[in-house]
Amino acid sequence: MNEYLEASERVEVIRSYALASGLKTFVETGTAGGDTTAALIDEFNRLYTIEVGEAAYEAACQRFADEPKVHCILGDSAKVLVDLCPTIDTAVYWLDGHFCSGPKG
């Protein structure tokens with residue numbers, strides 16, 4: 001069994017969770033430039049991308065510079081989520097920890 005979802009499958013899984021739950025906040029870690037976030041921008045009112053690598057963070061910031069719904073965060077998601085989670089009510093989380101862009105990627 002292949003445990004890795006292709007990009008289109010990943011988007012459809014997340015979209016189905018959003019529709020079923022009615023949740024309007026999306027949090028993704030290890031976004032590798034934000035392709036999933038970009039594909040789901042119409043499904044959510046607020047989206048967060050968390051990158052451990054500065055290059056990936058800068059790419060996401062540049063990509064979403066004109067999109068007020070997307071908030072880019074640089075840092076180790078294990079630490080960032082401790083501060084972020086209490087500031088949002090409920091969310092759909094995609095913890096994509098396999099993407100390597102640094103020593104803790």
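Residues are numbered from 1 along each chain as its sequence is written. Because the model is predicted, local features need pLDDT of at least 70 and side-chain atom pairs count only at pLDDT 80 or more, whereas totals for chains, interfaces and linings use all residues, and side-chain values use heavy atoms, with hydrogens and water left out.

The model contains an open sheet of 4 strands, arranged in the order S3-S2-S1-S4 with parallel pairing; strands (E, at least two residues) and helices (H or I, at least four residues) are DSSP runs numbered from the N terminus, and two strands are taken to pair if DSSP finds at least two bridges between them. S3 and S4 stand at the edges with a single partner strand each, so one side of each is left without a neighbour in the sheet. On average, and with direction ignored, neighbouring strands of this sheet are turned by 15° against each other, where axes are lines fitted to C-alpha atoms, for helices over the stretch in contact, and angles run from 0 to 180 degrees between N-to-C directions.

Strand S1 (residues 25-29) is joined to strand S2 (residues 46-51) by 5 bridges, the two running parallel, and in this pairing Glu28 stands opposite Thr49 in S2. A further 4 bridges join S1 to S4, again in parallel, with Thr29 opposite Leu95 in S4. S1 is mostly covered, 5 of its 5 residues being buried, where buried denotes under 20% relative accessible area, exposed over 50%, and partly exposed the range in between (1.4 Å probe, protein chains only). In a regular strand the side chains alternate between the two faces of the sheet. In S1, Thr25, Val27 and Thr29 point one way and Phe26 and Glu28 the other way, and all are buried.

H1 lies across S1 and S4 and runs at about 160° to S4, while helix H4 (residues 77-84) lies across S1, S2, S3 and S4 and runs at about 150° to S2.

A nonpolar core is defined as a set of buried Ala, Val, Leu, Ile, Met, Phe, Trp, Tyr and Cys residues joined through side-chain atoms within 4.5 Å. The largest such core has 15 residues, of which Ile14, Phe26 and Phe44 touch the most other members. Two or more residues of this core are given by each of helix H1 (7-21), helix H3 (54-63), strand S3 (70-74) and strand S4 (92-95), and the largest share, 3 residues, comes from H1. When residues up to four places away in sequence are not counted, Phe44 touches Ile14, Ala18, Leu23, Lys24, Thr25, Phe26, Lys69 and Val92, contact here meaning heavy atoms within 4.5 Å. Another core, of 8 residues, lies apart from the largest one, and Val27, Ile50, Leu84 and Ile88 are among its members.

Side chains of opposite charge can pair when their charged atoms come close. The structure holds 3 salt bridges, each defined as a side-chain nitrogen of Lys or Arg within 4 Å of a carboxyl oxygen of Asp or Glu. Glu12, Arg15 and Glu43 are linked in a network of these interactions. Glu43 forms a salt bridge with Arg15 in which the closest N and O atoms are 2.9 Å apart. This pair links distant parts of the chain, with Glu43 in the loop between helix H2 (35-39) and S2, and Arg15 in helix H1, 28 residues apart, and both Glu43 and Arg15 are buried.

The salt bridge between Asp35 and Arg63 has its closest N and O atoms 2.5 Å apart, and it too links distant parts of the chain, Asp35 lying in helix H2 and Arg63 in helix H3, 28 residues apart. Asp35 is partly exposed at a relative accessible area of 48%, as is Arg63 at 41%.

A search of the whole structure for disulfides, defined as pairs of cysteine sulfur atoms within 2.5 Å, finds 0. Cys61 is in no disulfide, the nearest cysteine sulfur, that of Cys72, being 4.1 Å away. Cys61 counts as partly exposed at 24% relative accessibility, and Cys85 is likewise partly exposed, with a relative accessible area of 30%.
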